[in-house]
Amino acid sequence: MTTLYRSLILGSSALALASCGADEIVSPGTGGNITINNPPATTTPPTTPTPPPATTLVTPAAGCPTISNPDQLTDAGTITGPTGEYRICTLPARFDASSTLPQVDGLLYFMSDRVDVGTDGGPAPDNSDGLDDTDVTLTIDPGVIIYAQGAAFLMVNRGNEIEAVGTQADPIIFTSIDNVQGLNNVNSSGQWGGVVLGGRAPVTDCIAPGATPGSVNCERQVEGAAQPAIFGGATPDDSSGTMSYVQIRYSGFVLSGDNELQALTTGGTGSGTTFNNIMSYNSSDDGVEFFGGFVDMQNLIVVGAEDDSIDTDTGVKTNLQYVIAVQRSGAGDTIIEADSNNGLEDQTPRQNTQISNATFIQNRSDDQVVRIRGGTDYAIVNSVIFDNTGGTACLRVDLTETIRAADPGLDDVGPPTFESLVLDCATDFRDGSGGITAAQTQGIFDAGSNNNASFVNTLTMTFVNGANENAVAVFDPTALSTFFEVPSNIGAVFPGNDTWINGWTCNSATVTFDAAVSDCTSLPTG
């Protein structure tokens, strides 16, 4: 990491003048004091100092808007924080009709408990399961802020959709009550559940005994939910809606036992679902976790996750391009944790995650930055991995089934793919479980093109490419999937691709994205 320091240089003569009174200024060669005869003072009327511009505080909206849902928003009075006073409009426990949450100045939406979008429509879209599909769509307008506390989370059930489409200037923010009240600091986390999208695309690790992975009978349950929240099916192109320009802050509340949600959890979302410009901030568990189905996303930011930044499992097929993951000092586990069979026999669909143009910054000394295991297929190309602690290995691969040759019958594309990947770690490779040695992992790495395990990063602002990053030859990621675009450089932020982080993000002591946006501990008021 390269840190920029700004210094204010004061001339030595100015310092001398500032430290001397008038009686101490000696004329050269006189050996005595100089008397300065000042002209008579001119009397001027006193002036009133101009006060600094007053900070404009938010004032509460007059009331809550009417929505299309049978159960309306509840006016819960107002809440006050450092940015002003807001009208509180509590969301209903369930949206049974398509509804829109409009942006209203001085208004915050509140989730007091789990909020469902529709009811679960079952694993098949044709009602063959005997359940009716409700087809409810929850639309959230740009600039809307929704806050929650405790075990509250948003559950988008199968057969229903969310349209949370913010803009670069007006992102949608999901956050906590403590954030509204100005009580958070750089280490705050785990103050509410998170956002969960359930879909009907194939998953593995079925909850029904004897069910075939990837089939319509293979379903899973959201971890820790007190009431069943089910996902999975056999509809690859299923849609759970759209999420774009969305921040999810301070999530990860423990729902039960060791089960806690992430900022964003997807379960069996289909290829008809759209994701881009998603920021996870200070989740007490993973930043994002994808269970099965399909997730394609450009512009993903994960900051301060206390477990893994990106966790993928149960047969998910995902393509991610332009990814920044920065761990908080003293918190977090790996940046990448990938699994596919979870210690079971080979299951299909087999996970296949492909990432192009990532910048990963490890700020906590731990076991490894990237862990690929469980027979998963994985590719990391055009990317930078930097361990800022000097105590964490870059890459670890576990189990022989993760590095075996391609087997189409098992939906297996072969060993991990590393192309145009550079590592700046004191230890580049480490031994994995199942007999996989650091030398074997290095052999896979060395087989790729333009990889460099002896790289010295020249990153600025934590994540912005410098000369060394921009000098690395680029791998064409369209060879992996047509989802990707061909970048001009490796890394997440580089010349010509350096403004996508602006406007919709928030800053913290961990990393600053844009001087024009608010700190993550505050709500935006612009």
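Predicted model: local features only at pLDDT ≥ 70, side-chain atom pairs only at ≥ 80, totals over all residues.

Trainee: How many disulfides does the count come to?

Mentor: A disulfide is a covalent bond between the sulfur atoms of two cysteines. The cut-off here is a pair of sulfur atoms within 2.5 Å. By that rule, the count comes to four.

Trainee: Is the disulfide of Cys64 and Cys89 left-handed or right-handed?

Mentor: First, the sulfurs of Cys64 and Cys89 sit 2.1 Å apart, so they pass the 2.5 Å cut-off. This pair links distant parts of the chain, with Cys64 in the loop between helix 1 and strand 1 and Cys89 in strand 2. The torsion about their S-S bond is about -105°, so the disulfide is left-handed.

Trainee: Which class does Cys64 fall into: buried, partly exposed or exposed?

Mentor: Buried means under 20% relative accessible area, and exposed means over 50%. Cys64 has 24%, so it counts as partly exposed.

Trainee: What is the S to S distance for Cys506 and Cys520?

Mentor: Cys506 and Cys520 both lie in the segment after helix 5, 14 residues apart. Cys506 is buried at 1%, and Cys520 is buried at 0%. A disulfide joins the two, and the S to S distance is 2.0 Å.

Trainee: What is the pairing when the bonded cysteines are numbered in sequence order?

Mentor: Cys394 and Cys425 form another disulfide, and that link is right-handed. Number the bonded cysteines of the protein in sequence order, and the pairing reads 1-2, 3-4, 5-6, 7-8.

Technical notes. Residues numbered from 1 in each chain as written. Heavy atoms only, no water. Helix = DSSP H or I, 4+ residues; strand = E, 2+ residues; numbered from the N terminus. Buried < 20%, exposed > 50% of the residue type's maximum accessible area, 1.4 Å probe, protein only.
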